[in-house]
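Okay, thanks for coming, everyone.

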Amino acid sequence: MSLHAVPSIAHSIIALSQIIMKLSVALATLAVGGASAFSVNQYGLRTSTQLNAVRQPIMAGNWKMNPATEADALNLATGFCALVDTLEDTCGLEEAEGCTEVVLFPPFPFISKVKDIVQEKGVTVGAQQVYYEDKGAFTGSVAASMVKSVGCEYVLCGHSERRTLFSDSDVNINAKVKKVLEFGMKPILCIGETQEEYDLGITEEVCAMQVSKDLAGVSKEDLSKVVLAYEPVWAIGTGLVCDAEDANKVHKFIRTVLAKMYDEEAAQSIRIQYGGSVTPES
């Protein structure tokens, strides 16, 4: 889930509340479900039990380059914790299956202090990206060891904005995935097609290529520590919506790719998120 900051922190908290309350079940289901992961009853969308593997749902909030100041970030984290208190099915990284793991990705300067606030609620923090070298003359870059040392458990790899705005290639993304794993953290590997690729009808081809390139050299054992995020680029910040049926269709296809790369057990065990933009309305 992509969390876009708005000028007012109070407005941000209200928006987060609406999103979480409406979509905590639905989005988490996308992390665990196949094509039939939704069933409808009098309460709306609920998780089905027809799964081939037990996968803990995960909801991740990417703050991107927001908010503007540390004070705003800490206020947002505090407000977020108040919302978490109202939910019954959230839990931390190492807790029992059956509840939703929650991860926040603040900007680098805010990670440590945001972690101090949210960890008491079982919420985990991660880094929005790292460089694949351990140290050296790489001005502006951040090493995996650095984010690990401030408490990050997850790192985003291959986010569409890093691919397009910063020319992050599949070769580099693959190196980052392996570096994150090397330092005992969990990569959330982002894949997905652009508007042009969607219009051309090559969504599956694009996702298959990205998965195969970005996971090259990753063992089956390490794959169990990876989370995949399908983020259709055309549904990020455009007002367009990728519905649950289409997203689950792509998720199912991704599992067929992984089954060919590894085996069916690995394909069914990995968690896959939906990573497009989310609003209270959608």
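Let's start with a helix pair: the axes of helix α6 (residues 170-182) and helix α8 (residues 203-214) come within 8 Å of each other and cross at roughly 50°. The axes here are lines fitted to C-alpha atoms, for helices over the stretch in contact, and the angles run from 0 to 180 degrees between N-to-C directions. Who makes the contact, meaning heavy atoms within 4.5 Å? On the α6 side you have Asp170, Ile173, Asn174 and Val177, and on the α8 side Gln210, Lys213 and Asp214. Sorted by class, that contact has two nonpolar, two polar and three charged residues. For the classes, Ala, Val, Leu, Ile, Met, Phe, Trp, Tyr, Cys and Pro are nonpolar, Asp, Glu, Lys and Arg are charged, and the others, Gly among them, are polar.

Before I go on, the housekeeping. This is a predicted model, so local features need pLDDT of at least 70 and side-chain atom pairs count only at pLDDT 80 or more, while totals for chains, interfaces and linings use all residues. Residues are numbered from 1 along each chain as its sequence is written, and side-chain values use heavy atoms, with hydrogens and water left out.

Overall, the protein chain has 11 helices and 10 strands; these are DSSP runs numbered from the N terminus, H or I of at least four residues for helices and E of at least two for strands. Of its 282 residues, 50% count as buried, where buried is under 20% relative accessible area, exposed is over 50%, and partly exposed is in between, with a 1.4 Å probe and protein chains only. Also, among contacts with a separation of 6 or more, 72% come from residues 24 or more positions apart.

Back in α6, we also find Val171. Is Val171 buried or exposed? Its relative accessibility is 63%, so Val171 counts as exposed.

Now the strands. In a regular strand, side chains alternate between the two faces of the sheet. Take β9 (residues 227-230): Val227 and Ala229 sit on one side, Leu228 and Tyr230 on the other, and all are buried, so both faces are covered. What does β9 pair with, given that pairing takes at least two DSSP bridges? Strand β8 (residues 186-191) pairs with β9 in the parallel sense over four bridges, and β9 pairs with strand β10 (residues 271-274) in the parallel sense, also over four bridges. Ala229 is a handy landmark: Cys190 stands opposite Ala229, and Ala229 stands opposite Gln273 in β10.

Strand β3 (residues 58-62) has five of its five residues buried. Ile58, Ala60 and Asn62 point one way, Met59 and Gly61 the other. β3 pairs with β5 in the parallel sense over five bridges, and Met59 has Val102 of β5 as its bridge partner.

Last stop, helix α3 (residues 111-118), whose buried residues are Ile111, Val114 and Val118. They cover an arc of only 70° around the axis, taken from the directions from the helix axis to the C-beta atoms, which puts them on the same side of α3. What do they pack against? The partners are α2 (70-84), β5 (100-105) and β6 (124-127).

Technical notes. Contact = heavy atoms within 4.5 Å. Pairing = 2+ DSSP bridges.
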